[in-house]
Amino acid sequence: MKPKALVQKWVDLFNTADAQGLANLYHDDAINHQVANEPISGKPAIYEMFKSEFAQAEMTCVVEQILEDGEWAILEWKDPLGLRGCGFFQVIEGKIQLQRGYWDKLSFLRQHDLPIPPMSET
């Protein structure tokens with residue numbers, strides 16, 4: 001699967017809170033680094049991350065655009081609450097090897113009435 005099509009599938013699974021379906025899109029040794037958090041390594045850990053996040057908040061990814069360049073897809077997104085961000089997906093042999101996401105964690109926590117950690121953890 002080409003990077004752009006894979007990221008569209010990722011969005012579809014994300015919007016149905018399908019943690020297992022999302023995890024299946026990653027290589028076994030993939031890295032998911034949402035830069036507001038520590039990097040997550042390996043498909044089982046990525047599954048647990050999505051499972052935990054979906055349990056904490058209802059999230060929706062509205063695609064602004066998906067760009068593709070070689071083995072990379074770039075997703076620019078927003079959500080219905082006004083949060084915006086972007087993600088970079090390296091797709092090798094039809095699976096995600098590396099994902100890096102940029103978004104405002106403090107705004108996300110406030111929008112979902114989640115606890116705000118002390119300054120050293122944000």
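W72 stands opposite Q90 in strand 5. This is a predicted model, in which local features need pLDDT of at least 70 and side-chain atom pairs count only at pLDDT 80 or more, while totals for chains, interfaces and linings use all residues. Residues are numbered from 1 along each chain as its sequence is written, and side-chain values use heavy atoms, with hydrogens and water left out.

Strands (E, at least two residues) and helices (H or I, at least four) are DSSP runs, numbered from the N terminus. Two strands pair if DSSP finds at least two bridges between them. Strands 4 and 5 run antiparallel, joined by 7 bridges. Their hairpin has 5 residues between the strands, and G82 in that turn shows a positive phi of about 105°.

Now follow Q90 across to strand 6, where its bridge partner is L98. Here 8 bridges join strand 5 to strand 6 (residues 95-103), again in an antiparallel pairing. The hairpin that they form has 2 residues between the strands, with E93 in the turn at a positive phi of about 50°.

Next, the core. A nonpolar core is a set of buried Ala, Val, Leu, Ile, Met, Phe, Trp, Tyr and Cys residues joined through side-chain atoms within 4.5 Å; buried means under 20% relative accessible area (1.4 Å probe, protein chains only). The largest one has 27 residues, and L75 is among those with the most contacts inside it. Strand 4 (72-78) and strand 5 (84-92) each give two or more residues to this core, though helix 1 gives the most, with 6. Counting contact as heavy atoms within 4.5 Å, L75 touches residues including W10, C61, G85 and F89, leaving aside those up to four places away in sequence.

Definitions and conventions:
Buried < 20%, exposed > 50% of the residue type's maximum accessible area, 1.4 Å probe, protein only.
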